[in-house]
Amino acid sequence: MKAAIFYGAGDIRIEERPVPRIGPGELLVKIMAAGICGSDLHAYRHSPKLLEGRMFGHEYSGEVVEVAKGVEGFSVGDRVGLEPLVGCGRCGYCASGSYHLCPSLWHVPGFAEYQKFPKSKAYKLPDHVSFEEASTLDCIAVAVHAAKLSGLRGGETAVVLGAGTIGLLTMQVLKAFGAKAVYETGTHDFQVELARELGADAAINAKKEDLVERIKILTGVEGAGGRETLRGVDHAFETVGGAKSALEEALRIVRRGGTVTVIGDPKNPVMLSSFVMREVKVLGSSSYAYYGKEPEFKVALDLLSSGKVNARRIVTHAFPLERIKEAFDVASDKGTGCVKVVVKP
Ligand SMILES: [Zn+2]
Ligand SMILES: [Zn+2]
């Protein structure tokens, strides 16, 4: 089979690899769509040694082509969404259901024609959910996990910083979970327009507008006697990461006692004084696992198939696997108008 192998910054090659052989409890899946994640882009630019010479990619969907003997509930031809996260199954985190914190957490790689999965990681897709849409389930599950972690209750307000895939999906998940108003920031006009189209109550171009002023208008002011400050939102979600100032902005626009949930991977330092005195809670959110007893991946699929989350407008570009390098170059440049770029093996 053809598989994309990572060799270093800007260097991805299509090579022949043997089709994986399934063991007990596994399914062999023909990958139909595989999305390029922000973390894949980070690898593409910075070339982590860990990845060199390996397959990668972890946001995919496909069609079952072989079922191990004794596996029930799946047949050849089933269309499936696939959760990439596999914990060790033995550590305390895995035992308690928080396998996303497993020190040996592994992402099954999927920029390839075929891959095998434990049957517990495959979810049958309804006919009306396309492979492209289903390739974003991993990202929707990330948003579900962050929304749960934040403790958001119905009727609360939120700002989502960033209007890439995770930002646009987080905004929609928060609305589905009953947020009264969700505002979103982006740095490109097309992102801001898309945020509005997908249901953001206000969409703000953070490059052109003064975010703090806009939030002051949206949430009002509190205090008196010349000490008026903006009231702020109940929750902020940082999805930008890198050396941007989004985390700092999040801390400024959240109310006293509010919550900032960090999904991105910010690299810049933050002053404790910007949130200690106002008792803002800062939470890290990474991947996903269970929502109560239900897998968050399943919650994501329910939101997608019920139409509460729209992923059709999120997948903006598709390339055949052979042109994966071009797909990465498009995904690296927001000037192309891309949100999610997928390859189709
Ligand atoms: Zn990802
Ligand atoms: Zn573990």
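Let's start with strand E17, residues 254-262. E17 is mostly covered: seven of its nine residues are buried. Buried here means 20 or more other C-beta atoms within 10 Å of the residue's own; exposed means 12 or fewer, partly exposed is in between, and C-beta atoms are placed from the backbone. Strands, marked E, are DSSP runs of at least two residues, while helices, H or I, need at least four, and both are numbered from the N terminus.

A word on what you are looking at. This is a predicted model, where local features need pLDDT of at least 70 and side-chain atom pairs count only at pLDDT 80 or more, while totals for chains, interfaces and linings use all residues. Residues are numbered from 1 along each chain as its sequence is written, and chains are lettered from A and ligands numbered from 1 in the order in which they are written.

Back to E17. Which strands pair with E17? One is strand E16, residues 233-238, which runs parallel to E17 over five bridges. Pairing requires that DSSP find at least two bridges between the strands. Val233 has Val254 of E17 as its bridge partner. The other is strand E18, residues 281-284, also parallel to E17, joined by four bridges. There, Val262 is bridged to Gly284 of E18. In general, strands of a sheet pair through backbone hydrogen bonds, either parallel or antiparallel.

E16, helix H8 (residues 246-253) and E17 form a β-α-β unit, and the unit is right-handed. That is, with the strands pointing away from the viewer, the path from the first strand over the helix to the second runs clockwise.

Glu279 lies between E17 and E18. Its phi is positive, near 50 degrees, and Glu279 is not a glycine. Is Glu279 buried or exposed? Glu279 counts as exposed, because it has 9 C-beta neighbours inside 10 Å. Move on to Ser287, in the loop between E18 and strand E19 (290-291). Ser287 also has a positive phi, about 50 degrees, without being a glycine. Ser287, though, is buried, because 20 other C-beta atoms lie within 10 Å.

One more loop residue: Gly151. Gly151 sits between helix H4 (137-150) and strand E11 (157-161). With 13 other C-beta atoms within 10 Å, Gly151 is partly exposed. Gly151 and Thr261 are 110 residues apart along the chain, yet their C-alpha atoms are separated by 9.9 Å.

On to helix H6, residues 189-197. Which residues of H6 are buried? They are Gln191, Val192, Leu194 and Ala195. Seen down the axis of H6, these buried residues fall within an arc of 165 degrees, so they line one face of the helix. The arc is that of the directions from the helix axis to the C-beta atoms. What covers them? The cover includes helix H5 (165-176), strand E12 (181-186) and strand E13 (202-205). After H6 comes Gly199, with a positive phi near 120 degrees.

Now the start of the chain. Here is an open sheet of three strands, in the order E2-E1-E4, with antiparallel pairing. The edges are strand E2 (11-16) and strand E4 (54-55), each pairing on one side only. Strand E1, residues 2-8, pairs with E2 over six bridges. Phe6 has Ile12 of E2 as its bridge partner. Gly8 stands opposite Asp11 in E2. The hairpin of E1 and E2 has two residues between the strands, and Gly10 there takes a positive phi near 70 degrees.

Finally, the whole chain. It has ten helices and 22 strands. Of its 345 residues, 46% count as buried. The chain is divided into domain 1 (2-136 + 314-344) and domain 2 (142-284), with bounds from an automatic or database domain assignment. Their centres, taken over C-alpha atoms, are separated by 30 Å. Seven residues from domain 1 and seven residues from domain 2 make the contact. Contact means C-beta atoms, placed from the backbone, within 7 Å. Among contacts between residues at least 6 apart in sequence, 65% join residues at least 24 apart.

And the dimensions? The C-alpha atoms fill a box of roughly 75 × 40 × 35 Å along the principal axes.

Conventions:
Contact = placed C-beta atoms within 7 Å.
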